[in-house]
Amino acid sequence: MADSILEVKDLRTSFFTDDGEVPAVDGITFSVKEGEILGLVGESGCGKSVTSLSIMGLLPSPPGKIVGGQILYKGEDISHAKESRMRKLRGNDIAMIFQEPMTSLNPVFTIGEQLTEAIRLHKKMPKKDLEARAVDLLKMVGLPRARELLKEYPHELSGGMRQRVMIAIAMSCDPKVLIADEPTTALDVTIQAQILDLMAKLNRETHTAIILITHDLGVVAQVCKRVVVMYAGKVVEQGDVRDIFNHPEHPYTEGLIRSIPDLFSKKDTLYTIKGSVPKPGSIKKGCLFAPRCPYVMDKCRTAEPELTGDRHKSRCFLHREDA
Amino acid sequence: MPQSEQNTAVQPAEEEKGPFVRNLLEFWKSFRKNKPAIVGAVIVLFFILMAAFAGFIAPQGINDQNINIRLQPPSASHWLGTDDFGRDILSRIIYGSRLSLRVGFFAVIGSIIVGTLLGVAAGYFGKFIDTVISRFFDILLAFPSILLSIAIVAVLGPSLNNALVAIAIVNVPVFGRLVRARVLTVKEEEYIMAARSIGMGNTRIIFNHILPNSFAPIIVQGTLNIATAILDAAGLGFLGMGAQPPQPEWGTMLSSSRQYITNAPWTVLFPGLAIILVVVGFNLMGDGLRDALDPRMKN
């Protein structure tokens, strides 16, 4: 694909622990096109965050290590790039926002100091322009009293405001790709919606591609165009948001969609996918989802399906002709 | 804008001031509530002023001897009496404050600088570097501090400046371990990851993010350690390993007058009181600083 800005090809990231190698991300492939919002969905522990840290080159190492595959940014493989190269890319080309806005800002510095930090690192800019740029950024993320905010400390801001500041910091050098790792999980629902709207707006205005990592399919439906569903370190389904919501092919995706509470249903209990995510590496044979799958077939326990399909890919025998 | 994001409006009076001034004001507000700390600060300030203006306020020179008035009790002309050479004890104590404060401040500053650098290196880089530095600290801490300072002075030769160096070395692990522990906590904070995610390197992360977040405990420990440094210097002086007579160092004064303790007790009482007072002052102030700067006490 020519217009892909970031391509992850067969990425495998493992953690080397006392119990041996644990494959947290096991051969995932996806690409992000310029200016699109891609959703990366999955339960806790399925490798979403490890994927994003692998892309940023921020894996805690040891024990984490990329053991295979490629991460192509504008065609350049950055999976094993030197730290000095990664430092130039981080913030400037690929930026990231984190789950916990309450702790992602340094308590001893003002908003202004932290907001201009990335710009000072990556771009030469006279001090006067720097302040103007900071004010613009705060206005861009919809914060009032921008000029006064610059002189305030993080503890004087609410969670929603801090997440806006984090987004402003991430956007300060006009990155091409923004990785948002559960940006709304720690916020309450009304603020969540505002932050998502803001990210969609920034995406339209600045054309920055966003990888939105979340466990909330509702969030994905709201802002993403394409979705990658991950399960136990692997991609199980991938395609357009509409296709996936209307015709989920993988039973796991179907389960995720069914577990979204429905406002109008009269049921007492919510749908759940029985069991929990298997420990990485604990299932040696067959489909990783087989133990929890309602449609499990004999074949699923012996062989592992490939990710097949054209625009709408899935990793399941159910929809194969030979099944 | 939703309601919740507008509630943090600051009062107009505070808005004009810079963030630093606002922080200072906030610190002062919580510090002044602590009465013992204020007393400590006043005592410390008193000794600092005394040291600064010693030349103006001391009634006599430090070495003005008058054998006719030796070992005189306190009187109108010699408020704190005279010693065995007929020197005015008050004047010697006033000048002595210069020596004691100098040792206190510079020994602590020295240990803070060295201890912080070693502690940051150990805490941030970990592994082998941490092992080497931490074991080095353990070795220093294994000796009783006064014994170690005596050993260092014995090598360097007895003088006030060498006592200062010895006290600084002995206190390095105190700050080193403090900073290391602080760095270990701070480096796991999410804002350090956030700093890395915008492309910041190790040096900048250490100096821009980790050190500023470690200052509060360093300041508190530093203030408390000035007291122990002064005490150690006096102890070394008393043992003849620190300041040498006729320098009016308080410990040295105690030492040279100790034989007169029964018939001229003022010769040891007042230098001793000076030591107690300055140590108590720094301790009270240090405790107050800890209460005011401890982030857990805020909010």
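At what angle do helix 3 (residues 35-52) of chain B and helix 5 (residues 89-125) of chain B pack? I will come to the answer in a moment, after a word about where the values come from. This is a predicted model, in which local features need pLDDT of at least 70 and side-chain atom pairs count only at pLDDT 80 or more, whereas totals for chains, interfaces and linings use all residues. Residues are numbered from 1 along each chain as its sequence is written, while chains are lettered from A and ligands numbered from 1 in the order in which they are written.

Now to the two helices. Helix 3 and helix 5 of chain B pack at about 110 degrees, with their axes 8 Å apart; here axes are lines fitted to C-alpha atoms, for helices over the stretch in contact, and angles run from 0 to 180 degrees between N-to-C directions. That angle makes helix 3 of chain B roughly perpendicular to helix 5 of chain B, because 65 to 115 degrees counts as roughly perpendicular, under 35 as roughly parallel, over 145 as roughly antiparallel and the rest as oblique. From helix 3 of chain B, Phe47(B), Ile48(B), Met50(B) and Ala51(B) meet Ile94(B), Ser97(B), Arg98(B) and Leu101(B) of helix 5 of chain B, where contact means C-beta atoms, placed from the backbone, within 7 Å. By class, this contact has six nonpolar, one polar and one charged residues; Ala, Val, Leu, Ile, Met, Phe, Trp, Tyr, Cys and Pro count as nonpolar, Asp, Glu, Lys and Arg as charged, and the others, Gly among them, as polar.

Stepping back, chain B has 13 helices and zero strands, with helices (H or I, at least four residues) and strands (E, at least two) taken as DSSP runs numbered from the N terminus. The C-alpha atoms of chain B fill a box of roughly 85 × 50 × 25 Å along the principal axes. Of the 299 residues in chain B, 42% are buried, a term for residues with 20 or more other C-beta atoms within 10 Å of their own, as against exposed with 12 or fewer and partly exposed in between, the C-beta atoms being placed from the backbone.

How many residues of chain B are in contact with chain A? There are 23, and they touch 32 residues of chain A. Helix 9 (residues 190-197) of chain B gives the largest share of chain B's side, six residues, and that side divides into nine nonpolar, nine polar and five charged residues.

Let me turn to chain A, which has an open sheet of seven strands in the order 6-7-8-3-9-10-11, with mixed pairing. Its edge strands, each pairing on one side only, are strand 6 (94-97) and strand 11 (313-314) of chain A. Strand 3 of chain A pairs with strand 8 (residues 209-214) of chain A in the parallel sense over five bridges, and two strands pair if DSSP finds at least two bridges between them.

Although Ile37(A) and Leu212(A) are 175 residues apart along the chain, their C-alpha atoms are separated by 6.9 Å.

Terms used
Contact = placed C-beta atoms within 7 Å.
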